Each structure stands twice: as C-alpha cells, then as structure tokens.
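I opened a new page for this entry.

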Amino acid sequence: MFDHVWLNADLATMLPGGAPYGLITDGAVAAKGRRIAWIGARKELPGPASETHDCEGGLVTPGLIDCHTHLVFAGNRAGEFERRLEGASYEEIARAGGGILSTVTATRAADEAALLALAAPRLARLMADGVTTVEVKSGYGLEPATELRMLRAARALGEAHEVSVLATLLAAHALPPEFAENRAGYVQSCIAMMEQAAAEDLVDAVDAFCDTIGFTVTETTSIFRAAVAQGLPVKLHADQLSDCGGAALAARFGALSADHLEYASRAGLEAMANAGTIAVLLPGAFYTLNETRAPDIAAMREAGVAIAVATDANPGSSPMLSLLLAMNMACTKFRLTPEEALAGVTLNAARALGLDDRGVLAAGLRCDLAVYRVKHPAELSYWIGADLCQGRAVAGQAL
Ligand code: DI6
Ligand code: FE
C-alpha cells in the first residue's frame, strides 16, 4: 500500500537519454514516506494508495529547483531602477556607493524576524510556481553579525515553509566601506565568517562575486582555498560584466556551478565541462540590466557544459520572483530549448546545488514534484505570467 499516488497526468521525468523530457504518457507516481516508491505507466501501477491525487489531465514534473537566489534582504532599489532608466549604469551606481551597498545598509538594520517576514512572501511566490528547493545567499551584511543573521534567516525559512532551503555564504559580494582601504583585510574577514558559519552549521556552500566591481581572481582564490580546507563546496558569480577568468577559476576548484557567464571565454567553458561545473544562467539579471551580450549557449552545448536556469531573485539586478518566467526568458533571450530550460530548473539545478536525491522523477529519490495545468511541457516556458501550478509535493507530502 502506497501513501500517495498521482494519476491522470503525463510525467516529464527529465531522466536523460530516453524520450524528450523523459516523458511517460498517462503515467502514475506513487510515494511511500518521503520517497518515490514507483513510477511508470498508469495501467501498470502495482497497488493502491491511502490518498489518490487526480491531476486532471495535466503534467507532473520534478519539483522545480531555484538554484541561485538572494531572497533574504531588507529595503528595495526602486529608486536605483529609476536612475538606471534615466541613463545611469548598474556599475556606475555601485561605484558611487549605491547598488549592493544600499541594500547592505537596510539589511544591517533589520533583525532576523524582520528579514524572515520580508522573505516569506517572496518565497511563497516561488513556491506558487512549483518550486520545492531554493538556494538562498547571504551577502548583504558584509560583516559577521549580519552575514550570520542572513544565513540563520535562510535556515529558518526552510523550517517554516514546505520547501528545502540551502544556504550559501556570499560574504565576498562587495567590499564594505569599513574595508575600503584594506581589501586583504576583508578577504581574511570573509574566511573568518566562513569558519564561524561552518562551526554553527549555517552554510551549505561558499560563493563569491568575481568581477570588476567585486573581487579579483587572486582574492577569490584565497577564499576558495579556505572553503575547500573547510570541506565546503564552492560556486561563483563569474564573468557577468566582463571576462575576468571566472569560469576557469570555478573549474579549477571543481565548483558546483559558475553563474551568469555572459562574458565567459570558450576556454573557460571547456574547463567547466571537464570539471563538471554547471553553468547557471540568470536571464532575469540580463533582462533587468538591459544587457546585450548573452552567454555563449552554442559554446556551452559544444563543450558539453550542463546548463541550469535560476531567478537570481535580488533587489538590484533581478527583482524577479518566478522561476517559470526565468525559463521563458532563458528561451526567448538566450535561445534555450524549452526542454533545456526545464532540465535547467530540475536535473541540472539539483547538480548545481550538489544534490543527488532530486531533480528527476525516479523510484528511490525524494518525492518532490509539481503538478501543472498544461498538456505539453513546452508550455511551462511558453506562457508568461500564467497561473499554471495546481499542486506540489515535498518529501512525499502532498501540498
Ligand atoms: N550579481 C548579481 O546578480 C547579484 N549579485 C551579484 O553579484 C546582484 C545583487 C544586487 O545588485 O543587489
Ligand atoms: Fe546573484
């Protein structure tokens, strides 16, 4: 006897190597406890379940995974949005002390309860699209108390809501004003924050912003060496605004992912393919900053880099709270196929977070799934702003 079964749907299992989308028409998924116990054609379903969920002829996919967000922050940057529309660039605003640093001021002033109250409705919007796993970065504290408070808020979000939350330390997001004349001192401080966060079990991975307005390859290397020594996986904001060699740096450290990559070189992408580092595309930031140089998808395909897609939800460069919209933008702006976009928020997003228990629908894996009111999986990338998700399951709990 199964605990749950989902019926009357096609299943986009996203298992590679077979039919497009790993599609099973008129399938059934059965869960026992937290896991998928059986999946296949409905007519072969081996037994009954305590609860049956009628998917009304829709589509079941693996629960969506948003593998790059900055969901925890205070304040917003609508004023900066206005200034950019008047002609100022993201980089100019950052160099003048606005941008990320203005969110830092607001976030330092917010306690954990305030941060949680602000992040909860953002998380609810992501979940409403079928998201069951979210990565959340720190990076708006740039000093120990606030960075750790952001990580605690991320952990608390995962406990308070029906979703898995992974917390990433991004202390190396921007140089705080206190260290304006002491970059090396801040790099040391990032390492100390990492050690403290690891000691309190607040962190699942370490990230850095390696770019002209962020940190250099040498500075990032010091932080990554310390992360590796600590046993923490690394990820990187790489080559968003210029080719700084971020993709190759991420590959050198066997990073889980390198994210953005608009300016990544072919050699950098090839190094990522060899290292198994996932390319995370963030079309919301490309769109918001009205960029013109798209990541080199053809080179990624040729090199064999696995591609993920995420919202980059943040108050500056991507105030976007829909992963389905990110899929649409990845197709329209970056020319991903809808199948690549869906793999990018399931199979490859799981890999970008180092998770091997989810991302596809298969027996033995965590039962995280989403049910959609669509007939064909391409519709998930095709509709813009539609209300498509009719239900989710997280670790076998039907929601
Ligand atoms: N790149 C991004 O997309 C976010 N951080 C980063 O390094 C933007 C963060 C922000 O503008 O607040
Ligand atoms: Fe980001």
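**Ligand 1 and its contacts**

I began with Y140, where an N or O atom of the side chain is 2.6 Å from an oxygen atom of ligand 1. The model is predicted, and I read the entries below with that in mind.

I then looked up H173, and found a polar atom of its side chain 2.7 Å from a nitrogen atom of ligand 1. For Q240 I noted a side-chain N or O atom at 3.3 Å from a nitrogen atom of ligand 1. I checked the cover next: ligand 1 exposes 320 Å² when taken alone, and the protein buries 100% of that.

I asked where ligand 1 sits. I found ligand 1 in the largest cavity.

**The shell**

I counted the neighbours and got 14 residues around ligand 1. The closest are R77, Y90, Y140, H173 and D312. I sorted the shell of ligand 1 by type and wrote down eight polar, four nonpolar and two charged residues.

**The iron ion**

Which residues coordinate the iron ion (ligand 2)? I listed H68, H70 and H237, each through NE2, and D312 through OD, at 2.1 to 2.2 Å. D312 is also on my list of the residues closest to ligand 1.

I wrote the spacing of the iron donors in sequence as H-x1-H-x166-H-x74-D.

Why is the arrangement around the iron ion irregular? I looked up the angles: the four donor atoms subtend 80 to 163°, so the arrangement counts as irregular. A tetrahedral site would need all angles between 85 and 135 degrees.

Technical notes
Residues numbered from 1 in each chain as written. Chains lettered and ligands numbered in written order. Predicted model: local features only at pLDDT ≥ 70, side-chain atom pairs only at ≥ 80, totals over all residues. Heavy atoms only, no water. Near = heavy atom within 4 Å. Polar contact = N/O pair within 3.5 Å; in protein donor to acceptor, adjacent residues only side chain to side chain. Areas by Shrake-Rupley, 256 points an atom, 1.4 Å probe, with all protein chains shown as cover. 1 Å grid on protein atoms, 1.4 Å probe; cavity = no way out; pocket = protein on both sides within 12 Å on 5 of 7 lines; lining within 4 Å. Sits in = over half its atoms within 2 Å of the grid points. Nonpolar A, V, L, I, M, F, W, Y, C, P; charged D, E, K, R; others polar. Donors = N, O, S within 2.8 Å, 3.2 Å for Na, K, Ca; no water. Tetrahedral: all angles 85-135°; square planar, octahedral: opposite > 155°, others 65-115°.
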